[in-house]
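Here's a quick walk through a protein chain for anyone meeting it for the first time. Have a look at the sequence and the model, then read on.

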Amino acid sequence: MKIKNTCLFLLILLLSVDAFAQREGEIEYEKEFLFGLNFNTNAGLIGGGMIRYSKLVRNKKDQFHNFSLGLGIVKHPKELRYANQSGGSFIAYKKNHLVVIRPSYGREFVLFHKGNEDGVQLDFILNGGLSFGCLTPYYIEYSTGSTTAIVPYDPVTTPNINLVVNSPGYTTGLGSTKVVPGLHVKTGFSFEYGHFTNKVTGIEVGFMFEAFAKKMVMMEAPIDPTYTGGSFHNNQFFSSVYLNIFYGGRK
């Protein structure tokens with residue numbers, strides 16, 4: 001264990017020394033365009049996607065205007081997917097899907113820039129903007145006796161999860177989507193790698209806080225005297241740790 005910790009410390013030290021050495025000199029690009037995948041603590045396996053455009057601030061050698069657009073999936077922490085004997089699956093007591101569109105503006109500060117053909121660049125990013133929370137009703141295939149009907153989950157009309165056969169997916173119910181406005185702010189560090197100055201690959205890690213105009217109802221307990229699972233807490237404010245993996249170009 002001590003050997004592993006020592007090796008990790010030496011690796012971090014070497015990268016730090018290399019980064020400090022690369023700070024000297026001029027940044028050789030003025031514009032940058034990136035796209036990538038998002039992973040965060042409020043989503044499942046993949047949290048969404050992002051695109052980002054950066055432009056050098058006039059009379060500043062190490063600051064960039066940062067414009068980005070993100071699409072994120074938000075899940076309730078108590079979501080639980082059930083499978084039945086007929087091969088279908090569904091999320092019990094789910095009321096709405098939540099997808100958030102996030103246009104952002106901010107600043108990107110280059111702390112250490114990489115060399116001409118190799119190295120690591122470290123940026124600090126601070127931005128924020130509007131959040132458009134899209135609540136789409138969660139539809140289920142519900143048994144009504146001899147037939148089934150595709151209907152939105154409702155704790156009054158469809159209280160018994162044992163009668164749920166399947167869920168048709170995200171696209172069903174898009175026409176009934178309701179948009180709730182909000183705001184978000186995020187801050188993070190970007191680690192960029194690459195052998196050429198006109199191409200970039202890297203990761204961004206950081207923290208985001210988001211607030212909406214009202215509670216975002218994603219789960220709702222059934223109105224059923226036999227139900228003993230308790231109520232679901234739906235949030236108006238969200239915080240998360242995120243990771244972006246991105247690729248792009250510069251000029």
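## A first look around

Ser 240 touches Asn 40, Thr 41, Asn 42, Gly 206, Phe 207 and Met 208, leaving aside residues up to four places away in sequence; a contact here means heavy atoms within 4.5 Å. Ser 240 sits in strand E13 (residues 237-250) and counts as buried at 3% relative accessibility. Buried means under 20% relative accessible area, exposed over 50%, and partly exposed in between (1.4 Å probe, protein chains only).

Before going further, keep in mind that this is a predicted model: local features need pLDDT of at least 70, side-chain atom pairs count only at pLDDT 80 or more, and totals for chains, interfaces and linings use all residues. Residues are numbered from 1 along each chain as its sequence is written, and side-chain values use heavy atoms, with hydrogens and water left out.

Now the overall build. The chain has 1 helix and 13 strands, taken as DSSP runs (H or I, at least four residues, for helices; E, at least two, for strands) and numbered from the N terminus. Of the 251 residues, 39% count as buried. Among contacts with a separation of 6 or more, 71% are between residues 24 or more positions apart.

What about charges that pair up? There are 7 salt bridges, each being a side-chain nitrogen of Lys or Arg within 4 Å of a carboxyl oxygen of Asp or Glu. Three of them are listed here.

| Salt bridge | Closest N to O |
|---|---|
| Glu 32 and Arg 250 | 2.7 Å |
| Glu 79 and Lys 94 | 2.5 Å |

Arg 102 and Glu 210 are both buried. Salt bridges that share partners also join Glu 32, Glu 192 and Arg 250 into one network. Glu 32 and Arg 250 are both buried, too. As for the remaining pair in the table, Glu 79 is buried with a relative accessible area of 19%, and Lys 94 is buried at 3%.

Lys 55 tells another story. This residue is in strand E2 (residues 48-56) and is partly exposed, with a relative accessible area of 41%.
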